Amino acid sequence: AAQGKFSFAKGLEHDFGTINEGVKAEHIFKFENTGNAPIVITDVRASCGCTTPEWPKEPIMPGESASIKAVFDSNGRPGNFYKT
């Protein structure tokens, strides 16, 4: 059966480490469709409103690469902060 398959270059997790309050930190999750059918991403959700995801709206064809960007806004969030 035809199916798209995500192959992430560096995994599904990222630790922003220590950043100063007020900084917008971002990470790009790069992936390739290693399946045999297009991938269509209809929704990406963060676990809180402090992280904003951006993703491709067009189909990712087999063999093509794309990315999902996660931007964490640390404004008003002093101290340790753990989210998924």
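Predicted model: local features only at pLDDT ≥ 70, side-chain atom pairs only at ≥ 80, totals over all residues.

I started with contacts between residues at least 6 apart in sequence: 63% of them join residues at least 24 apart.

**Fold and overall dimensions.** I looked up the secondary structure next and got zero helices and four strands. Reading from the N terminus, I have β-β-β-β. The radius of gyration comes out at 15 Å, while the globule rule gives 12 Å for 84 residues; the value is well over the rule, so I'm writing the protein down as more spread out than a compact globule. I also boxed the C-alpha atoms along the principal axes and got roughly 50 × 20 × 15 Å.

**Surface and burial.** The accessible surface comes to about 6,000 Å², and carbon and sulfur atoms hold 49% of that. Of the 84 residues, 26% are buried.

**Aromatic pairs.** How many aromatic pairs are there in the whole structure? My search found four. I wrote up two of them, starting with Phe8 and Phe31. Phe8 belongs to strand β1 (residues 6-8) and Phe31 to strand β2 (residues 24-33), so to speak a link between distant parts of the chain, 23 residues apart. Is Phe31 buried or exposed? Phe31 is buried, at a relative accessible area of 2%. Phe8 is partly exposed, at 25%, and the cut-off for buried is under 20%.

The other pair I noted is Phe16 with Phe72. This one is stacked, with 6.1 Å from centre to centre and 25° between the planes. Here too, distant parts of the chain are linked: Phe16 is in the loop between β1 and β2, Phe72 is in strand β4 (residues 65-73), and 56 residues separate them. Phe72 counts as buried at 11% relative accessibility, whereas Phe16 is partly exposed at 27%.

Notes. Residues numbered from 1 in each chain as written. Heavy atoms only, no water. Phe/Tyr/Trp six-rings, centres within 6.5 Å; stacked < 30°, edge-to-face > 60°. Helix = DSSP H or I, 4+ residues; strand = E, 2+ residues; numbered from the N terminus. Buried < 20%, exposed > 50% of the residue type's maximum accessible area, 1.4 Å probe, protein only. Rg over C-alpha atoms; globule rule 2.2 N^0.38 Å. Contact = heavy atoms within 4.5 Å. Areas by Shrake-Rupley, 256 points an atom, 1.4 Å probe, with all protein chains shown as cover.
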